[in-house]
Amino acid sequence: MALNLDVVGRKIGPVTMQYTWKDVALYALGVGAGFEELNYVYEKDLKVIPSFGIAAVFDFLMHFGLKAEVNIAGILHGEQQLIFHNPIPAQGELITEGKITDIYDMGKDKGAVIVGKSETSHSNGKRLFTSIIKIFSRLDGGFGGQPAPKAQSPIPDRAPDYEVEDNPSPDQPLLYRLSGDMFQLHVDPEFAKMSGFEKPIMHGLCTYGFACRALIAKLIPGEPERMHRFDCRFSKTIYPGEPIKTRIWKLEDGRAAWQVVNSKTGQVVITNGIFEYGDIPKDEIRFDGQVAIVTGAGGGLGKVYAIDLASRGARVVVNDLGGPRDGSGKGSSTPAQKVVDEIKAAGGEAVANHDNVATAMGGQNIVKCAMDKYGTVDILINNAGILRDKSFVKMEPDTWQAVIDVHLNGAYNVTKPAFEVMREKGYGRIIMTTSAAGLYGNFGQTNYSAAKMGLVGFMSTLKLEGRKYNIFVNTVAPLAASRLTEDVMPADFLDRVKPEFVSPLVMFLCSGRCQVSGHIYNAGMGCFNRAAVVTGPGAVVGDPESIPTAEQVVANLDKIQALKGGKEYFELNEQVAEVINAFSQTAGPGSASEDSDKFTDPAAVFEAMPKAFNADAAKGVEVVFEYNISGDSGGNWHCVVSGGTCTVEPGTHEKPTCILKMEDKDFLAMINGELPAMQAFTSGKLKIGGDVMKSQLIEKLFAL
Ligand code: NAI
């Protein structure tokens with residue numbers, strides 16, 4: 001019977017499984033624990049060997065083979081990866097769901113590979129582990145599918161740092177099978193012979209459990225809860241009673257490679273092992289269930305972003321045109337496909353796309369690829385880029401245009417269709433990629449600088465349009481060694497500027513944890529800082545009645561140029577309001593004329609407001625001002641100006657055009673002419689919400 005290829009992507013589960021401390025102890029005995037590791041088998045202070053997780057969800061794993069309709073006589077456990085998010089408690093209920101992510105064809109005589117990914121959580125609500133299993137189905141190859149990507153071996157070419165000998169008993173499978181894997185191959189001599197073995201064989205996962213104990217004993221003794229990741233490939237079967245040796249190589253901090261050999265024959269029975277350990281980060285940023293598009297992800301920074309996103313659970317569209325550095329000539333599908341292969345080999349999910357971001361059709365196709373394959377888009381990193389550097393006198397139109405097309409228009413082309421998907425679902429994270437060349441300038445890069453600063457402007461407005469849909473847009477200015485920078489950085493410097501140092505910030509900006517929008521960050525070599533457009537306090541030159549002269553401007557240049565005390569505006573309205581306020585010494589009704597009595601109570605101001613209303617100035621004006629005055633004599637008032645009339649009432653309004661918030665004493669000082677409105681606003685004493693521009697009408701509409 002042929003494999004059922006339609007099952008790819010369909011949800012399997014949830015499947016629940018109850019367990020007690022006895023299941024935990026039975027598993028530990030099944031993988032060789034005893035009196036020497038009492039904390040694995042004794043209910044007092046019991047600790048769970050993390051590989052128990054895979055035995056505990058074995059029933060669930062069977063669904064992958066069954067749903068794919070594999071020929072059961074030919075299946076073998078090919079590879080197994082576990083990624084831990086929290087330690088496994090000693091009892092409770094496990095809830096597992098997942099899906100088949102890929103089915104590969106290794107050829108008629110070689111078989112098929114079924115890849116299943118699942119997530120297991122505990123009845124206490126915590127995520128426990130992600131499992132990625134590769135089932136090798138010897139009799140199901142030759143259906144015309146793609147071959148599985150090849151994984152690189154992590155085993156170093158040197159002697160191991162540790163070797164741990166173990167002697168599984170000749171009866172070991174009889175004990176191990178009680179933890180869930182009841183397959184006849186491990187117990188029934190007749191079945192074993194039918195399957196081509198001289199007798200029942202060890203469960204691969206039992207040897208895996210022995211290795212897990214050995215690695216914990218050497219690298220994190222007594223602390224199995226500090227194990228993060230456990231990954232390997234099963235390469236040979238072994239008979240019960242044969243001695244084994246777990247060989248361990250320490251790699252970088254918190255990471256080791258491992259394999260298990262049959263000590264009698266020297267054959268490697270488990271290989272490509274990776275063991276990661278350390279404290280499991282409680283606040284790990286994850287993208288499980290989310291879909292990310294990374295443009296220009298066939299190399300450099302984009303490749304690292306795509307791999308990082310996938311390793312944190314995202315399904316990734318790896319876009320890359322695959323052309324040369326200057327964007328000339330034809331593209332190639334190879335770079336994007338290679339990154340996809342790498343992601344898949346590590347157990348992640350990704351699809352390659354080779355469209356050109358520089359065309360509207362290309363942008364649409366990239367988003368369509370995400371929609372067709374994964375059904376949505378949560379994250380977009382606009383990263384694709386080329387360079388065509390020329391000094392400005394030699395900057396011909398096509399050189400200018402090509403760079404603008406890829407960087408600026410490219411971001412527009414992909415963001416437009418992606419934004420529509422995000423708006424519909426009410427969630428999105430978009431990253432623009434700028435450059436220090438754009439932010440600060442760089443000789444020979446007018447085209448690139450213009451495009452890169454254009455992206456900052458693009459972000460500044462898109463952040464406003466995306467805000468109410470929970471779409472946040474931020475910009476990163478990276479510094480990294482890549483083919484774009486290989487000839488502009490000194491060679492010895494390149495080695496120290498890995499793109500991996502930029503990615504952590506980008507991962508944060510892509511995540512739901514990011515609650516900022518409209519920010520620009522420099523990132524490189526582990527150094528991060530925020531760049532912003534800052535506006536100095538400046539000076540008011542002349543008065544509102546007369547136009548200042550150029551000489552007056554020059555006379556005030558020091559103040560005009562000073563950035564000390566400068567501020568960053570979130571949007572145009574804020575900045576324009578300040579300019580207008582700069583000419584206004586009063587902000588509204590009840591301004592005390594020199595010879596009138598000063599107001600001493602906000603209520604009196606609002607009482608006087610209708611009398612101060614200037615109906616002529618209110619022609620065509622429809623506006624509602626709401627005042628929230630805090631302090632002992634404060635309260636809420638609103639003033640409705642409509643059809644040339646004005647009504648003032650206590651209380652808030654359902655739909656105010658703008659809201660003015662002040663403390664009672666500041667409000668009175670402003671109304672009495674002692675506190676200029678601009679000063680009140682810039683010092684934060686007057687806060688204006690809603691349509692800031694409309695607050696400028698107050699002065700026109702009310703004249704006392
Ligand atoms: P890179 O050349 O390794 O990566 C850019 C990728 O974009 C390439 O794989 C290329 O094939 C792809 N690409 C080019 N045109 C495309 C198109 N029309 N459609 C789809 N893909 C296309 O360079 P790197 O350094 O990783 O650059 C990534 C981004 O970071 C670029 O936007 C670049 O301007 C920006 N950047 C990089 C800096 C650095 O220090 N590496 C500094 C400042 C900005």
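User: What should I know about the model before I start, and how are residues numbered?

Analyst: The model is predicted, so local features need pLDDT of at least 70 and side-chain atom pairs count only at pLDDT 80 or more, while totals for chains, interfaces and linings use all residues. Residues are numbered from 1 along each chain as its sequence is written, and side-chain values use heavy atoms, with hydrogens and water left out.

User: How many helices and strands does the protein have?

Analyst: Helices (H or I, at least four residues) and strands (E, at least two) are DSSP runs, numbered from the N terminus. Here there are 21 helices and 23 strands.

User: Why is the protein called more spread out than a compact globule?

Analyst: Look at the radius of gyration, taken over C-alpha atoms. The globule rule is 2.2 Å times the number of residues to the power 0.38. For 704 residues the rule gives 27 Å, but the protein has 33 Å, well over that, so it is more spread out than a compact globule. The C-alpha trace spans about 110 × 65 × 45 Å along its principal axes.

User: What share of the residues is buried?

Analyst: Buried means under 20% relative accessible area, exposed over 50%, and partly exposed in between (1.4 Å probe, protein chains only). Of the 704 residues, 49% count as buried.

User: Where does Val187 lie, and which residues is Val187 in contact with?

Analyst: Val187 sits in the loop between helix H4 (172-176) and helix H5 (189-194). Its relative accessibility is 28%, so Val187 counts as partly exposed. Leaving aside neighbours within four places in sequence, Val187 is in contact with Leu174, Arg177 and Pro200. The C-alpha atoms of Val187 and Arg177 are 8.4 Å apart, with the two residues 10 apart along the chain.

User: What share of the contacts joins residues 24 or more positions apart?

Analyst: Take the contacts with a separation of 6 or more. Residues 24 or more positions apart account for 72% of them.

User: How many salt bridges are there?

Analyst: Side chains of opposite charge can pair when their charged atoms come close. A salt bridge is a side-chain nitrogen of Lys or Arg within 4 Å of a carboxyl oxygen of Asp or Glu. By this rule the count is 29.

User: Which parts of the chain does the pair Lys245 and Glu163 link?

Analyst: Lys245 forms a salt bridge with Glu163, with the closest N and O atoms 3.9 Å apart. The pair links distant parts of the chain: Lys245 is in strand S8 (residues 244-250) and Glu163 in strand S6 (residues 162-166), 82 residues apart. Lys245 is buried, at 19%, while Glu163 is partly exposed, at 39%.

User: Which residues form a network with Arg286 and Asp288?

Analyst: Arg286 and Asp288 form a salt bridge, with their closest N and O atoms 2.8 Å apart. Arg286 counts as buried at 17%, and Asp288 is partly exposed at 28%. Salt bridges that share partners join Glu119, Arg127, Glu284, Arg286 and Asp288 into one network.

Definitions and conventions
Contact means heavy atoms within 4.5 Å.
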